[in-house]
Amino acid sequence: MIFREGAFRIFPLTAATAAMEKTMSMSIGCVGCGNMGGAILAGLAASSLDCALYGHTRTAARMAPLEAAGVTRLDSARELARQARYVVLAVKPYQAEAVLAGMAPELGPDKVLISVAAGISIARLQAAVQGRCPVVRCMPNTPALVGKGVFALCFGEGVTEQGRADILRFFAELGVCLELPEARFTAFSALIGAGPAYVFGMMQGLVQAGVTLGLGRRECRDMVAALFEGSAVMAARSETPLMELRDQVCSPGGLTIAGVNVLDRAGLAGLLVDAVLAADRRGREMEDE
Ligand SMILES: NC(=O)c1ccc[n+]([C@@H]2O[C@H](COP(=O)([O-])OP(=O)(O)OC[C@H]3O[C@@H](n4cnc5c(N)ncnc54)[C@H](OP(=O)(O)O)[C@@H]3O)[C@@H](O)[C@H]2O)c1
């Protein structure tokens, strides 16, 4: 699914564009096949995209499940940069510039570098590849590991329309993607990158409540996970304001309104706002460190 900032509406590919892109032969490689790089390659391997997939990572044994899924293992980052048209960089941020320096000789205007390294700006990426190829900055969140990520993308100068369409299509296979100006990446990180931590915290509280009422811990966890999934799907599919969806669950004089009153008195919405603003402040401090 692809969103664009502002309207936040889904941009479906036209039938003609989709057909063209499905038949077009593409190649994508990933340098660093740990949690995020491995998830990206595994997700693309499981998708209906018609593309050659390459991977290179320091510990070759990590590649075995990806190779079984159809990814070709390459012996160096430089070789991967030679073979793949789209090169995803998924090593730790402190390793990124050294790895890019080794790949740079193979990069050119026909390639695109897509970095998921947190906190490394487009300007730094462009400097690290010595301006040889266009670069894209991407910020995923952890549900990308199960094919349900949210990806913010910012395209640097020189990415062609075809390149942009290809990249949006790759990431749409792995979850929801939206284009954001780079200046909004810290806000995105505070809300969506950090978001799973807030959600897991809320889930833990509900599991604890269920256990307190005598329900089994495992069944509470499963029920609470299904509760979040179901509510999220309802919210995503509906145009109804969230407060109205909430009110629809609160029958007059019923048990839900009794619980909701407690949350309102404690200021749940305000607490969430404060949490995201604190994360955003910390993110900005870290950019200056
Ligand atoms: N995980 C997330 O949820 C998440 C969210 C947002 C952004 N990111 C970004 O994603 C990037 C990767 O994070 P991760 O969580 O996937 O880390 P990770 O699991 O440690 O994966 C990094 C991988 O890079 C490999 N590597 C290290 N140096 C290399 C080199 N010189 N050449 C080739 N491969 C090399 C490592 O190999 P070894 O197996 O030998 O260690 C490892 O497999 C980071 O930049 C992070 O900021 C991750």
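The following dialogue considers how terms are applied to a predicted model.

Tutor: Residues are numbered from 1 along each chain as its sequence is written. In this predicted model, local features need pLDDT of at least 70 and side-chain atom pairs count only at pLDDT 80 or more, while totals for chains, interfaces and linings use all residues.

Student: What makes a run of residues one of the 13 helices or nine strands?

Tutor: Helices (H or I, at least four residues) and strands (E, at least two) are DSSP runs, numbered from the N terminus. The protein has 13 such helices and nine such strands.

Student: Which residues are closest to the ligand?

Tutor: Among the 24 residues that surround the ligand, the closest are Gly32, Gly34, Met36, Arg58 and Ala118. Helix H2 (35-46) and helix H5 (93-103) each give two or more residues to this shell.

Student: How are the residues of the shell divided into nonpolar, polar and charged?

Tutor: Ala, Val, Leu, Ile, Met, Phe, Trp, Tyr, Cys and Pro count as nonpolar, Asp, Glu, Lys and Arg as charged, and the others, Gly among them, as polar. By that rule the shell holds twelve nonpolar, nine polar and three charged residues.

Notes:
Near = placed C-beta within 6 Å.
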